[in-house]
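Subject: Structure for your review

Dear colleague,

My notes on it follow.

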Amino acid sequence: MANKRLNRVRGLPQENCAELAKHDVLLCKDVLTKNILELMSFGLDYNESKIVFDSVSKSVAPNSSKVSDLLEKKQQWFLSTQLAKLDQCLHGGLTSGTITELTGPPGCGKTQFCMMLASLAIMSLLSTDDLDSCVIYIDTENAFTAKRLLEISSCHIGENQTSHLDVKEIASNVVVFYESTFQEMLTRLESLETIIIERNVKLIIVDSIASLARKEFGGHNLVTERNNMLMKEATLLKYFAERFNIPVLVTNQVTTSTSSELSKDSCLIAALGNTWAHAVNTRLMIRHSNEDHSIRELLVAKSPLCPLSKFHYKIDASGIVQVDDLTI
């Protein structure tokens, strides 16, 4: 990745990194935008400059893999949602190494789902005495509340009478960042790799990916610029998911679509268009039930693991709760 810090590039002498740092050359992309002569002007000789350039180029270049290598790769794992039918559909829950998107209109429980998953992830880690790992929660809508996270955690701890966990332990392992602009969000993601390594992050949540994009790039004339920015974010999130074999959960908003300009029929679809949709591995859609607005529907709209599926749920003190059997 072009945003990798030079001191993490394999085979790069640390004294060369220190010399380059004096000139604000800190990341791989800082080296790749310069030539050998420019690197030599920073105090390196020709051979040192060539080693730096070649090492950085090799570090960010995409790797090819044999099928046999892929079979021996680290096994994927699944983060259970504690929703039995959804976990059954997804073969265990949210898949590590992939991006799962949760999309739906306001008030359907997207943030509730995110806080519940953050709590469940930490509970799973603490129950195996993994005290050093954490969850990263990036909030762009100022919707996260610590009080609600503790309430959800307390309910799930209460369901297991033998649990020795404490809600304060859970809270101390959820790291929350509040980002109010698209550039802040991108800057945060660009600096996230170090935190993932230092804190042994096991889940990344972004709630939401759409709010800042639609707020700052709402005009039709800004669609190309918005898509370019979204792809930078998607590239970083996919890199984190695959490089560290962790699940990434993002929320999205919805927009109205019609089958044609002459048609009056419309439906709600995920926002941000096809460019963003191709970056998502699994798409879950939630919406209010037509019969009872206290009941919501969750659809598995896109998944490499299962066909289109649907079931019903409600929101209570413990977060998202399944209320009936799956209907396909």
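Which residues does Phe113 touch, not counting residues up to four places away in sequence? In this predicted model, Phe113 touches Thr81, Leu83, Leu86, Leu102, Leu249, Leu284 and Ile320.

The nonpolar cores

Phe113 belongs to the largest nonpolar core, which has 40 residues. Along with Leu86, Tyr137, Ile205 and Leu249, Phe113 is among those with the most contacts inside this core. At least two residues of the core come from each of α6 (84-89), α7 (110-127), β4 (134-139), α8 (146-159), β6 (201-207), β10 (282-288), β11 (296-302) and β12 (309-316). Of these, α7 gives the most, with 12 residues. Apart from this core lies another, of 38 residues, among them Leu186, Ile209, Leu236 and Ile246.

In helix α10 (residues 182-190), the buried residues are Phe182, Met185, Leu186 and Leu189. They lie on the same side of α10, because they cover an arc of only 95° around the axis. An α-helix has 3.6 residues a turn, so residues three or four places apart point the same way. The cover over the buried residues of α10 includes β4, α11 (192-199), β6, α12 (211-216) and α13 (223-244).

For α11, the buried residues are Leu192, Glu193, Ile195 and Ile196. Seen down the axis of α11, they fall within an arc of 165° and therefore line one face of the helix. Their packing partners are β4, β5 (174-178), α10, β6 and α13. After α11 comes Asn200, with a positive phi near 55°.

Ile204 is in strand β6. Is this residue buried or exposed? With a relative accessible area of 0%, Ile204 is buried. Leaving aside neighbours within four places in sequence, Ile204 is in contact with Ile136, Leu192, Ile196, Leu237, Phe240, Ile246, Pro247, Val248 and Leu249. Two of these contacts, Leu192 and Ile196, are also buried residues of α11. Ile246 is 42 residues from Ile204 along the chain, yet their C-alpha atoms are separated by 7.8 Å.

Val174 lies in strand β5 and counts as buried, at 10% relative accessibility. Not counting residues up to four places away in sequence, Val174 touches Ile122, Val135, Tyr137 and Leu149. Between Val174 and Val201 there are 9.6 Å in space, C-alpha to C-alpha, the two being 27 residues apart in sequence.

Ser49, in helix α4 (residues 46-60), counts as buried because its relative accessibility is 0%. Leaving aside neighbours within four places in sequence, Ser49 is in contact with Ile36, Leu39, Met40 and Leu44.

Which residues form a nonpolar patch on the surface with about 320 Å² of accessible area together? The patch is formed by Leu37, Met40 and Tyr46. Leu37 has its place in helix α3 (residues 36-40), and at 64% relative accessibility Leu37 counts as exposed.

With kind regards

Methods:
Residues numbered from 1 in each chain as written. Predicted model: local features only at pLDDT ≥ 70, side-chain atom pairs only at ≥ 80, totals over all residues. Heavy atoms only, no water. Patch = residues over 30% accessible without salt bridge, like charges linked within 9 Å, V, L, I, M, F, W, Y side chains within 5 Å. Areas by Shrake-Rupley, 256 points an atom, 1.4 Å probe, with all protein chains shown as cover. Salt bridge = Lys/Arg side-chain N within 4 Å of Asp/Glu carboxyl O. Helix = DSSP H or I, 4+ residues; strand = E, 2+ residues; numbered from the N terminus. Buried < 20%, exposed > 50% of the residue type's maximum accessible area, 1.4 Å probe, protein only. Core = buried A, V, L, I, M, F, W, Y, C linked by side-chain atoms within 4.5 Å. Contact = heavy atoms within 4.5 Å. Arc of directions from axis to C-beta.
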